[in-house]
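This report describes selected local features of one protein chain. The sequence and the structure are shown first, and the description follows.

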Amino acid sequence: MNRFKLIVATLATCLLALPAVAEVKIKEVVSPGGITAWLVEDHSIPFTALELRFRGGTSLDAPGKRGAIYLMAGLLEEGAGDLMAQDYAKALEALAASFSYDTSKDTTSISARFLSENRDEAIALLSDTIHQPRFDQVAVDRVRGQVLSGLRSDTKDPNEIAGKAFAAMTYGDHPYGTDGKGTIDSVTALTRQDMIDAHKAVFARDRLYVGAVGDINAEQLGALLDTLLGDLPESGAAIPGPAEVTIPGGVTVVDFDTPQSVALFGQIGIDRDDPEFFAAYVMNQILGGGSFESRLMTEVREKRGLTYGVYSYLVPRDLAAVYMGSVASANDKMAEAVQVIRDEWRRMATEGVTEKELQDAKTYLTGAYPLRFDGNGPIASIMVGMQIQGLPIDYIATRNDKVNAVTLEDVNSFAAKLMDPDGLHFTVVGRPVGLESSAQ
């Protein structure tokens, strides 16, 4: 069995060795050099998942350089140190290791998976990736071409069009208000030096969070962290301040020639650290949280056949919080779908939920939670997310208790306070019959 197949088999074995949620014991590790990480030891198989996350994400783009962070993250696998892209890929495969990179509005992430026998070599290669990315011009041009191709495709995607229009309305001049991938013009103008500057903006110790799961102990992890991250600069680019959220009630119609309109809808939301967050979380599950039993699915899909799917979701980002949803419907049915959704928003505000709905939502949310822990990698990612959100180290063990503690009064009083049917805004892309742009 070659090395690449071996790591696939090892990952499959990792799923079988998964501990129950109650058995996920997290310990805090502080390296000799002062880097903090959360660790779950599991020595049943010789494999470790390491998750590194840097706060800031595409919001750190310098003025006039939109898309630089996104492009830079896409170049991290295109060679490092003495290894150009092809040689780098071969070295990674020879180690049976896996590195992946991602960036969002709030974070840039590196996910590493490696076998214990190759830990030192894998970390050395990852260190080169973090500290000595090559950013060869040929790689910059190739990955830039891929990004530009995606951006051109986005101009024909009604979902992307809706997302950009809604964000621009909601966040204005804040980085949240524009696409982190940049525009065709901004990405075309980016240079290799912009990649170097973007790298410096992101990779710093003052915004670093680390999670590790697998065949590694606290002492080994501490040494690894100092080797891998000890030389990072203390600080990077300044993280922007909070966004001022502006969502006027009404409808925005963006003309687009398609037989089916798509819509994003939303209003002011709730921060993740708000004491009433779990009341909001349970309420949203009942309204449109993804289950076929949700009110929106029942009213919009099952009773009226206006859509295949309609959802609502809380979006508590680092710098702003909104409450959103999405739906797609035929042009001649979208106006009715919008009205039904607004009516359900109003019904939640005025009538609240029933005891049965509350108990069904709790059963679903608490039962589904353990399914998130389906491997060392997901556990490492969850731990890093907990750190960024400021959650306590025992949160995994207590999370379901917080869901179960939500009462009918909690949900109904919160719904009356949060839900704003008149302030709900729909951004519709398509040619919906009987629906025109309006604003309150």
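Glu51 counts as buried, because its relative accessibility is 3% (buried means under 20% relative accessible area, exposed over 50% and partly exposed in between, with a 1.4 Å probe and protein chains only). The model is a predicted one, in which local features need pLDDT of at least 70 and side-chain atom pairs count only at pLDDT 80 or more, while totals for chains, interfaces and linings use all residues. Residues are numbered from 1 along each chain as its sequence is written, and side-chain values use heavy atoms, with hydrogens and water left out.

Glu51 belongs to strand β3, residues 47–55 (helices, H or I with at least four residues, and strands, E with at least two, are DSSP runs numbered from the N terminus). The side chains of Glu51 and Arg53 form a polar contact at 3.2 Å (a pair of N or O atoms within 3.5 Å; within protein, one must be able to donate a hydrogen and the other to accept it, and residues adjacent in sequence count only if both atoms are side-chain atoms). Leaving aside residues up to four places away in sequence, Glu51 touches Ser109, Ile110, Ser111, Arg113, Tyr209, Val210, Gly211, Ala380, Ser381 and Val384 (contact means heavy atoms within 4.5 Å).

## The annotated domain

An unreviewed UniProt entry lists residues 41–177 as "domain: Peptidase M16 N-terminal"; such annotations may be inferred rather than shown by experiment. Over residues 41–177 the chain is 46% helix and 21% strand, with the end C-alpha atoms 41 Å apart.

## Positive phi angles

Most residues other than glycine have a negative phi. Ala96, which is not a glycine, has a positive phi of about 55°. Ala96 is located in the loop between α3 (85–94) and β6 (98–103), and is buried because its relative accessible area is 1%.

Phe135 is a residue other than glycine with a positive phi, near 50°. The loop between α4 (119–131) and α5 (137–154) contains Phe135. With a relative accessibility of 3%, Phe135 counts as buried.
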